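Please prepare a report on the structure shown below, with attention to its core, its strands and its charged side chains.

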Amino acid sequence: QVQLVESGGGLVQPGGSLRLSCAASGSIFSINGMGWYRQAPGKQRELVADITSGGVTNYVDSVKGRFTISRDNAKNTVYLQMNSLKPEDTAVYYCNAGVRRSDINNYYVYWGRGTQVTVSS
């Protein structure tokens, strides 16, 4: 079994910051890509940022210059530092990871359950 657990969401005022964390645990052999997605009410889930095992990053245009994705491979954890938050960043944020389990010779994508981020004054 593999689990991804997000933390760090909450309520913040416009212009504020939050740092999300997502830790993967279980029978993990290796992890390739990891990413953060978000889904606002009435909208489709969208990619926010992702990062390869080698540290190459990719961001959606709306968060470039404000959000930073990083990972700690030793801890199987991915982070999302969010600065200069705007009301339109309000959403449930989900992490995902491409995981190769110890007992299976293939990578599968696993998802966390999400953490709420609300940006409001």
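## Basis of the values

The structure is a predicted model, in which local features need pLDDT of at least 70 and side-chain atom pairs count only at pLDDT 80 or more, while totals for chains, interfaces and linings use all residues. Residues are numbered from 1 along each chain as its sequence is written, and side-chain values use heavy atoms, with hydrogens and water left out.

## The nonpolar core

The largest nonpolar core holds 31 residues, and the members that touch the most others are Trp36, Leu80, Met82 and Tyr93. A nonpolar core is here a set of buried Ala, Val, Leu, Ile, Met, Phe, Trp, Tyr and Cys residues joined through side-chain atoms within 4.5 Å; buried stands for under 20% relative accessible area, exposed for over 50%, and partly exposed for values in between, with a 1.4 Å probe and protein chains only. Two or more residues of this core come from each of the strands S1 (2-7), S3 (18-26), S4 (28-39), S5 (46-51), S7 (67-72), S8 (77-82), S9 (91-101) and S11 (115-119), and S9 supplies the largest share, five residues. Strands (E, at least two residues) and helices (H or I, at least four) are DSSP runs numbered from the N terminus.

Beyond its neighbours within four places in sequence, methionine 82 is in contact (heavy atoms within 4.5 Å) with Gly16, Ser17, Leu18, Leu20, Arg66, Phe67, Tyr93 and Val117.

## The S9–S10 hairpin

Strand S9 runs antiparallel to strand S10 (residues 107-111), and five bridges join them; two strands pair if DSSP finds at least two bridges between them. The two strands form a hairpin with five residues between them, and within this pairing alanine 97 has tyrosine 110 of S10 as its bridge partner.

## Two buried charges without a salt bridge

Arginine 71, in strand S7, is buried yet has no salt bridge, its nearest side chain of opposite charge being that of aspartate 72, 8.2 Å away. The side chain of arginine 71 does make a polar contact with the side chain of asparagine 73 at 2.6 Å, and it reaches the backbone oxygen of isoleucine 51 at 3.3 Å. A polar contact is a pair of N or O atoms within 3.5 Å; within protein, one must be able to donate a hydrogen and the other to accept it, and residues adjacent in sequence count only if both atoms are side-chain atoms.

Glutamate 6, in strand S1, is likewise buried without a salt bridge, and the nearest side chain of opposite charge, arginine 45, is 7.6 Å away. Polar atoms of the glutamate 6 side chain lie 3.1 Å from the backbone nitrogen of arginine 113 and 2.9 Å from the backbone nitrogen of glycine 114. Residues that glutamate 6 touches, not counting those up to four places away in sequence, include Cys22, Trp36, Tyr93 and Cys95.

## A loop glycine

Glycine 9 is placed in the loop between S1 and strand S2 (10-12), and with a relative accessible area of 33% glycine 9 is partly exposed. Leaving aside neighbours within four places, the contacts of glycine 9 are Leu18, Leu20, Thr115, Gln116 and Val117.

## The salt-bridge network

The whole structure contains five salt bridges, and a network of such bridges links Arg38, Glu46, Arg66 and Asp89. Arginine 38, buried at 6% relative accessibility, pairs with glutamate 46 at 2.7 Å between the closest N and O atoms, and glutamate 46 is partly exposed at 30%.

Arginine 38 also meets aspartate 89 in a salt bridge of 3.0 Å, N to O. Because arginine 38 lies in strand S4 and aspartate 89 in the loop between S8 and S9, this pair ties together parts that are 51 residues apart in sequence. Aspartate 89 is buried, with a relative accessible area of 1%, and forms a further salt bridge with arginine 66, with the closest N and O atoms 2.8 Å apart. Arginine 66 lies in the loop between strand S6 (57-59) and S7, so its pair with aspartate 89, in the loop between S8 and S9, ties together parts 23 residues apart in sequence; arginine 66 counts as buried at 10% relative accessibility.

Conventions:
Lys, Arg positive; Asp, Glu negative; His and termini not counted. Salt bridge = Lys/Arg side-chain N within 4 Å of Asp/Glu carboxyl O.
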